[in-house]
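Visitor: I'm new to reading protein models. Could you walk me through this one?

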Amino acid sequence: MNAPEPAVTSRMPHVMNTYGRLPIALSHGRGCWVWDTEGKKYLDGLGGIAVNTLGHAHPKLVPALQEQVAKLIHCSNYYEVPLQEQLAAKLCEISGLDAAFFCNSGLEANEGALKIARKFGHDKGIEKPAIIVYEKAFHGRSIATLSATGNAKVQAGFGPLVEGFVRVPLNDLAAVEEVARTNPNVVAVFLEVIQGEGGINASRADYLQGLRAICDRQDWLLMLDEVQCGIGRTGKWFAHQWAGIRPDVMPLAKGLGSGVPIGSIVVGPRAVNVLGPGNHGTTFGGNPLAMRAGVETLRIMEEDGLLANAEAMGRLLREALESGLAGEKGVVEFRGAGLMLGIELDRPCGVLLGRAAEAGLMISVTAERVIRLLPPLIVNADEVRQIAAILVPLVKAFLAEAPAS
Ligand SMILES: Cc1ncc(COP(=O)(O)O)c(C=O)c1O
């Protein structure tokens, strides 16, 4: 690859420089394709980081949102918002849980979950409640959620961190049993069913079932962060459903609004009465525009069979990548489920982000060595083949040139 690496510098001097952005300005999209301001076309293998469930400018979503904008965008939670009830009822139907709270982002949903866990503990007389969290976890960038996050880089410079977290490795039930034996202050276990930012690391089904049993025995809340892996991405509405269990608390965000900011905490019977009037709230949360986006997203997903599509296209994408990269010694592992896929390489590969963009493909690299694909759930077989056709030669060329570190 002779073309220069795209520079990762800010071309927006008045915007705070908190992201390592590529010098590409996107203008518009349609389906799984996005165009930049120079007219170059990209295949979207990233879905806005698992947000654009329905791709871009979906012909059923656009008129619904246009109609809602013209009707009522925001009205405050001083009043009933019928669309909140509509979306909450649907979330309860597809999750088997009992009620939902609405907010605006993933970290906000997780903050609310952490508050529920602490209040659940206080209500039963535990003054210093502790929550079990995980190595390599990512839960957001507020002070509490970055404290729950298992990544020293995310936490660096922001101490003192919030106390009350006990960290364990993923898929190790004995570690959780050890905490149960030694720490009487534990009130909840909090984890991503598939860790996203941490490198596409899945909880095993038997591990989730074991956690469910421990939480029942100990009277702890099982809190499953489905912000990235939920909303159909793995081929079921929620990734934990593959294990046949139900959580007590489930934070959602990202894909629920197809790009309109939204978050939700969906709770089961043990958590439904923990918070009462005055305990929690948000100005924007549950506004009619975001609620309409959620209602329409779930409706269109059902109408267009997008759960089955995510599973089938995920399988096809994985097969195409596995066969294309077969025998490559620098490929450590293929991981993930449905349209949440990771390819771990044996060396840092952040440079592939820019090279893929140059080749007309949007991807992500996370945990330094993991190429992550999160395409819209509307992706079709032809587009899946194109993703693999662009990515495979890039990875091969990269592995041929870069020494393993
Ligand atoms: C599993 C998980 N939880 C929480 C968050 C935070 O969500 P947000 O960026 O909307 O605050 C993310 C974001 O990547 C995530 O992947």
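This is a predicted model: local features need pLDDT of at least 70, side-chain atom pairs count only at pLDDT 80 or more; totals for chains, interfaces and linings use all residues.

Visitor: How many helices and strands does the protein chain have?

Guide: Helices (H or I, at least four residues) and strands (E, at least two) are DSSP runs, numbered from the N terminus. Here you get 12 helices and 17 strands. The radius of gyration, taken over C-alpha atoms, can be held against a globule rule of 2.2 Å times the number of residues to the power 0.38. This chain has 21 Å, close to the 22 Å the rule gives for 405 residues, so it is as compact as a globular protein of that length. Along its principal axes, the C-alpha trace spans about 65 × 55 × 45 Å.

Visitor: What percentage of the residues in the protein chain is buried?

Guide: Buried means under 20% relative accessible area, exposed over 50%, and partly exposed in between (1.4 Å probe, protein chains only). Buried residues make up 51% of the 405 in this chain.

Visitor: And which residues touch the most other members of the largest nonpolar core?

Guide: A nonpolar core is a set of buried Ala, Val, Leu, Ile, Met, Phe, Trp, Tyr and Cys residues joined through side-chain atoms within 4.5 Å. The largest core has 62 residues, and Leu91 and Leu345 touch the most other members. Helix 12 (residues 381–401) gives this core its largest share, nine residues. Apart from that core lies another, of 32 residues, with Ile132, Ile214, Leu224 and Ala243 among them.

Visitor: What is Leu91 in contact with, leaving aside neighbours within four places in sequence?

Guide: Contact means heavy atoms within 4.5 Å. With those neighbours set aside, the partners of Leu91 include Phe102, Phe238, Leu252 and Leu298. For the whole chain, take contacts between residues at least 6 apart in sequence: 72% of them join residues at least 24 apart.

Visitor: Where does Val260 lie?

Guide: Look in the loop between strand 11 (249–252) and strand 12 (263–267). Val260 has a relative accessible area of 18%, so it counts as buried. Not counting residues up to four places away in sequence, Val260 touches Leu65, Leu289, Ala290 and Ala293. The C-alpha atoms of Val260 and Arg292 are 9.5 Å apart, although 32 residues separate the two along the chain.

Visitor: What about the backbone: which peptide bond is cis?

Guide: Check omega: for the bond from Gly159 to Pro160 it is near 0°, and that bond is cis. Pro160 sits in the loop between helix 6 (152–155) and strand 6 (165–168).

Visitor: What is phi of Ala50?

Guide: Ala50 has a positive phi of about 65°, although it is not a glycine. Ala50 belongs to helix 1 (residues 47–50), and its relative accessibility is 3%, so it counts as buried. Lys136, also not a glycine, has a positive phi near 70°. Find Lys136 in the loop between strand 5 (130–134) and helix 5 (143–148).

Conventions
Residues are numbered from 1 along each chain as its sequence is written. Side-chain values use heavy atoms; hydrogens and water are left out.
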